[in-house]
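Please examine the fold of this model first, and then the surroundings of its ligand.

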Amino acid sequence: MKLSEFIRPATLKEARDVLRELGPKGMPLAGGTALHFMQGKTPVTAVDITRLGLSYIKQDGNYFVIGAATPLADIQRRRGERWAMHEICRRISTHQIRNVSTIGGNICRVFPWADLPVVLLAMGAVMTVYTGKKKEDEVPADEFFASQPARRFAGGDILTAVKIPVLKAHHGFGSVKVSRNAAAFSMVTIAALLELDGGTIKSARVAAGSAIPFPRRLRLVEAALAGKEPTAEVFRAAAAACTDVKWCGQEGMSAEYIRNLAEVSITDALERAAEFARGRTK
Ligand SMILES: Cc1cc2nc3c(=O)[nH]c(=O)nc-3n(C[C@H](O)[C@H](O)[C@H](O)COP(=O)(O)OP(=O)(O)OC[C@H]3O[C@@H](n4cnc5c(N)ncnc54)[C@H](O)[C@@H]3O)c2cc1C
């Protein structure tokens, strides 16, 4: 991606107005770490969105709200009860990248290796989008990640925040990222949210990414968990139930190997989620 100009608007409205005017010749710029991966020789004007008050993490009722321009390093550093986002953020690339790369940049243009869309799908997050109206649009993760989100932003709209439901005492969350080394792209990323009701799983949200063309929920795994006890045997059987996923071979590894890796990772993520829930219900 070739940048020709750099604009630093003072307000969200100004940023959107400029982006609308520029059309395909403009783009919001957050950390800028993805420019390297983006094709295109046409010069583009970068509209900086990092000084619009969009970098924060706060709790608002039943949600943690993370500003779209919040660096991954800030999310990684945060600790607190019912907070689980740091786990995946510390597994993304290097400190240097996490210092500048933002949550918005990670999810507005989804690359095959992106980890956060997987976690946000499992958590049932809600994205808030500024469209010029007084009230921002709220887009549930299932809709936001139904296709490449970058298309939604082509007209100048701007992601302002990500709302993550605060985990309740009977919720458990676990994520697994498998990579060749700490800074490498993911070979497979899995995230799981379990809602327990006494000794059984009331509902589950399980998502996968990296080893498939685009992040998605694993509905057959979720269905195989509902109403069952959270045991290792149930988790293994549920992981084996995702027969509708076409896992992609990569970096010299066969599709069959990746499928096996994915099943083991699903089981691990579910076990972590159950552990998390047990810790909460003590
Ligand atoms: C070497 C390397 C390794 C990496 N490894 C991983 C990895 O393993 N897992 C992983 O998840 N990520 C990884 N990343 C990060 C990821 O690939 C992206 O580079 C990063 O998430 C983009 O964030 P950014 O803030 O820099 O976004 P930018 O580069 O500024 O923007 C990315 C895209 O999002 C758009 N955008 C940004 N913010 C908004 C907004 N608020 N509203 C609308 N559109 C917006 C931009 O216009 C652009 O199209 C890696 C990056 C590098 C450089």
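The following paragraphs treat the chain as a whole and then the ligand shell.

This is a predicted model, in which local features need pLDDT of at least 70 and side-chain atom pairs count only at pLDDT 80 or more, while totals for chains, interfaces and linings use all residues. Residues are numbered from 1 along each chain as its sequence is written.

The protein chain contains 10 helices and 12 strands (DSSP runs numbered from the N terminus, helices being H or I of at least four residues and strands E of at least two). Its radius of gyration is 19 Å, close to the 19 Å that the globule rule gives for 282 residues, so the chain is as compact as a globular protein of that length; the radius is taken over C-alpha atoms, and the rule is 2.2 Å times the number of residues to the power 0.38. Along the principal axes, the C-alpha atoms fill a box of roughly 55 × 45 × 30 Å.

Around the ligand there are 33 residues, of which Gly31, Ala34, Gly104, Gly105 and Asn106 come nearest; a residue counts as near if its C-beta atom, placed from the backbone, lies within 6 Å of the molecule. Strand E2 (26–29), helix H5 (103–108) and strand E8 (158–165) each supply at least two residues of this shell, and H5 gives the most, with four.

Domain 1 (3–48) and domain 2 (57–165) both give residues to the shell around the ligand, so the ligand lies between them; the domain bounds come from an automatic or database domain assignment.
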